[in-house]
Amino acid sequence: MNTYSVAIVGAGPTGLVLANLLGCHGIRVLLLERGATTVDEARAVTIDDESLRTIQATGLIESVLAHVVQGYGVHYYSWRNRPFARIEPTSKEYGYAKRNAFRQQVLLRDLLAGLTRFAQVEVRFEHTLQSFEETAGGVRLLVDTPQGPGEFHCDWLVACDGGRSPIREQLGYVLRGSSYDEKWLIADLLGRSSPFRHTRTYCDPARPAIRLPGPQGTVRYEFMLHPGEEPEAVLEERGLREWIRQRDAADAELPIARKVVYAFHARVADRWRAGRVFLAGDAAHLTPPFAGQGMNSGIRDAANLAWKLAAVVRGELPTGLLDTYEAERKPHAWSLIRMALRIGRFMQPRHVWSAALSQGALKVLSLLLPPVRDYVLHLKFKPQPRFFAGFFTADGAAPKAQVPAGQLLPQPTVELASGRRVLLDEVLGHGFAELQLAHAPGAERPSPIAFVQVRVLRRSDDFLPGLAADHAGATLVRDVDGTLEALLTSARAQAVALRPDRYVLAYLPQGAQARWPVQAVLDRLADGGDPPLPSPTPMFPCHSSTATTATAALARKS
């Protein structure tokens, strides 16, 4: 039967992460990819902590981390080839290092293998979407298949089909923003022997360049081209190796696996939804490469959209919930684009005098003002994963909260009654969750949303006999480093409600008579009638052990 709840076009990082998340929610999915398999080259090379947390939600984190170099930084070199600044963040606010090196083709294979866990998810390679039309009850897809023209039907269609998205073009939507004249040459090399793990960024007006070590002995070089330099000329191997030799003589002798010239863009689609059709990943936004956030922004799209589609497909929340996808994601995508442009301007000085001025100023400020140093060193200039409109309560409920409603909750380590320590999300499941201090009042607090119940012991508390009986139906954890207690204390709350993507939905004020301020959020979604109330729904179990043993070769379905 060629009818699905969700169809995804494009088996890149965004599409594969979205398919895995929907698979965990038990949703029937069709993933269409025009190629014969996933892309076998490294395009993106940096995966951040937020994306790894999303990979954790798919149940694939163990297999993915096996191929990731965790926790690398960036060292900046001046026009005199001297180090003048560095970024080496050490905190793991969301459970993982903030910057991590990976090989995109390996990640795609892991994500593809993960889909073999789900009988209700179909992957069809060599299937090219030719056209689509919205019908009374869904979307009709006309597809070129290896056997000839085919027809499929879905309730919802998600375009993860890249920066030149045919779906976006058929919708008539355009990318707003700028494309830049500067072109960059990328070269990926194999067999690196240098143990230096951090990126080197050469802010040299003579030729800005970047050196990025990767997993399995790989290293990437990126060089900015000057006006008048033609791609055919700069791709000539002898000249390329000479550029590399100026930065690292040993690297200049390594085999070259890939070389390409590209231009960069800072553009966002004017709309991300048309009825039952959504744009995600590069189809919705194009990010300059300087911050390593292009792919990561696409994974954020998948994390935001997956649980919303699942809730609507199951009839648990009204379709108005899907309107919050663009409202939440678009401003944050723009903020990361602006950050990337600022970094790009800093690393591409036009003149020696401007390089000396900006680089010297940063070095002096970092020496004299520790807050400036820490702001740079710990990557605090990266925009917070926070929404200012969408599916969450107003800030007025907890104005002094460390993590306001609409912001991603940190993921600390917690301790189970058995003594085992795990990351917080491991005990939250895939749905809505409620974290409450175990010593807070336990009066009945009806809510229109069903929560997974987690009771948090302070780090000084013990798992006393009878405690589990006092909190029947809830999972007990100890707050190992005090993160959760501090968060709730700052919000003057006894509990916090989390969305399935682990953004804060609402805080429960202190007091035995307090009630969840959730109904007002649901009322905003009303689409012509009272929304059905969510009830606990079985989710497909996403276990890392299952995914690790899954074969990477999916049978081509037709």
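Modeller: Of the 558 residues of the chain, 56% count as buried; buried means under 20% relative accessible area, exposed means over 50%, and partly exposed lies in between (1.4 Å probe, protein chains only). The model is predicted, so to speak of a local feature a pLDDT of at least 70 is needed and side-chain atom pairs count only at pLDDT 80 or more, while totals for chains, interfaces and linings use all residues. Residues are numbered from 1 along each chain as its sequence is written, and side-chain values use heavy atoms, with hydrogens and water left out.

The secondary structure comes to 15 helices and 26 strands. These are DSSP runs numbered from the N terminus, helices being H or I with at least four residues and strands E with at least two. Two strands pair if DSSP finds at least two bridges between them. Strands of a sheet pair through backbone hydrogen bonds, either parallel or antiparallel.

The sheet you asked about is open and has seven strands in the order S21-S20-S24-S23-S22-S25-S26, with mixed pairing. S21 and strand S26 (504-509) stand at its edges with a single partner strand each, so one side of each has no neighbour in the sheet. On average, neighbouring strands are turned by 30° against each other, direction ignored; the axes are lines fitted to C-alpha atoms, for helices over the stretch in contact, and angles between N-to-C directions run from 0 to 180 degrees.

Start with strand S22 (residues 433-437), which pairs with strand S23 (residues 452-457) in the parallel sense over five bridges. Here Leu-435 has Val-454 in S23 as its bridge partner. S23 also pairs in the parallel sense with strand S24 (residues 475-479), over four bridges, and Arg-455 stands opposite Leu-476 in S24.

Gly-419 lies in the loop between strand S20 (413-416) and strand S21 (421-423). Its relative accessible area is 39%, which means that Gly-419 is partly exposed. Gly-419 and Val-477 are 58 residues apart along the chain, yet their C-alpha atoms are separated by 9.5 Å. In the chain, 70% of the contacts with a separation of 6 or more are between residues 24 or more positions apart, a contact being heavy atoms within 4.5 Å.

For comparison, an open sheet of three strands has the order S3-S7-S4 with antiparallel pairing. Strand S3 (46-48) and strand S4 (69-70) stand at its edges, each with a single partner strand, so one side of each is left without a neighbour in the sheet. Helix H2 (residues 49-58) packs on this sheet, touching S3 and S7, and its direction makes about 75° with that of S3. Two bridges join S4 to strand S7 (residues 99-101), and Gln-70 stands opposite Asn-100 in S7.
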